[in-house]
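I opened my notebook to keep a careful record of what I looked up in this structure. The entries follow in the order in which I made them.

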Amino acid sequence: SYRFCDEAIEDLKSDYPDSNVINVDTRCVSGGLGMLVKKVCKLYEAGESMESVLSWIEENKLKIAHRFTVDDLNWLKRGGRVSNASALVGTLLSIKPVLYVPDEGTLVAANKVRGRKVALNSIIESIRNDLKDVTAPEFMINHADCLDDAKYVMEKIKEAYPGAKVTIS
C-alpha cells in the first residue's frame, strides 16, 4: 500500500538525509520491474538527471508486459486469488490460468487452458499478437524451478523474433 511506501521513504530519508528518495508506481512486478530498474540504473550512471530518469520511467513503464502461468492452483488459492473449490477442480482438470498484468497493475486471468504446454503456447501466442511490428524486443523469462519450460519459451521467442534479447532468471 502507499502508506507502507510512504513510511519506508520517511525511514530512508531519516537514515540518509542527503538523499532524494522518490516513490514511483511502475505497475511492474518481478522480471518486468527488474528490467525497468536495470535501465534506470544505466541512465542514472550515464549522468542523466533524476527528472530525466523519472520522465523516462513514465514514458516507458507501460511498455512492459507481464504474462505468466502457474502449475499449481494452490499458490493462487493461498494468495486469495481462487477459492478452495476452484483450486481443487482446476487441479483435477489440469486447468492452467494464463495471467496478465494490465496497465492498471492488477492481475487478470487472460485465459484458462488445460495443460502446461498449452498454457506456455498461449503466452507465446499472446506475445506474437502484441508484438507484430517489433523487430528486436527484450524479454525476461522468470521461472520458479521450471528451467525446461523457460528454455522452451525462449526457443519459441527466438524463432518469432530472431533479434530478440532473451534473459532467463
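Before looking up any residue I wrote down the terms for accessibility: buried means under 20% relative accessible area, exposed means over 50%, and partly exposed lies in between, with a 1.4 Å probe and protein chains only. I also noted that this is a predicted model, in which local features need pLDDT of at least 70, side-chain atom pairs count only at pLDDT 80 or more, and totals for chains, interfaces and linings use all residues. Residues are numbered from 1 along each chain as its sequence is written, and side-chain values use heavy atoms, with hydrogens and water left out.

**Entry on Ser-122.** I found Ser-122 in helix α6, residues 116-130, where helices (H or I, at least four residues) and strands (E, at least two) are DSSP runs numbered from the N terminus. Ser-122 counts as buried because its relative accessible area is 16%. Leaving aside neighbours within four places in sequence, I looked up its contacts, meaning heavy atoms within 4.5 Å, and they are Val-98 and Asn-111. With Asn-111 the side chain of Ser-122 also makes a side-chain polar contact of 3.1 Å; such a contact is a pair of N or O atoms within 3.5 Å, and within protein one must be able to donate a hydrogen and the other to accept it, while residues adjacent in sequence count only if both atoms are side-chain atoms.

**Entry on Arg-67.** Which strand holds Arg-67? I found Arg-67 in strand β1, residues 66-69. Not counting residues up to four places away in sequence, Arg-67 touches several residues, including Leu-99, Tyr-100 and Ser-126, and its side chain is joined to that of Ser-126 by a polar contact of 2.8 Å. I also noted that Arg-67 and Ile-141 are 74 residues apart in sequence, with their C-alpha atoms 9.6 Å apart in space.

**Entry on two serines.** I first reminded myself that most residues other than glycine have a negative phi. Ser-30, although not a glycine, has a positive phi of about 50°; this serine is found in helix α2, residues 30-45, and it counts as exposed because its relative accessibility is 55%. Ser-94 is likewise not a glycine and has a positive phi, of about 55°. Ser-94 lies in the loop between α5 and β2 (95-101), and it is partly exposed because its relative accessible area is 29%.
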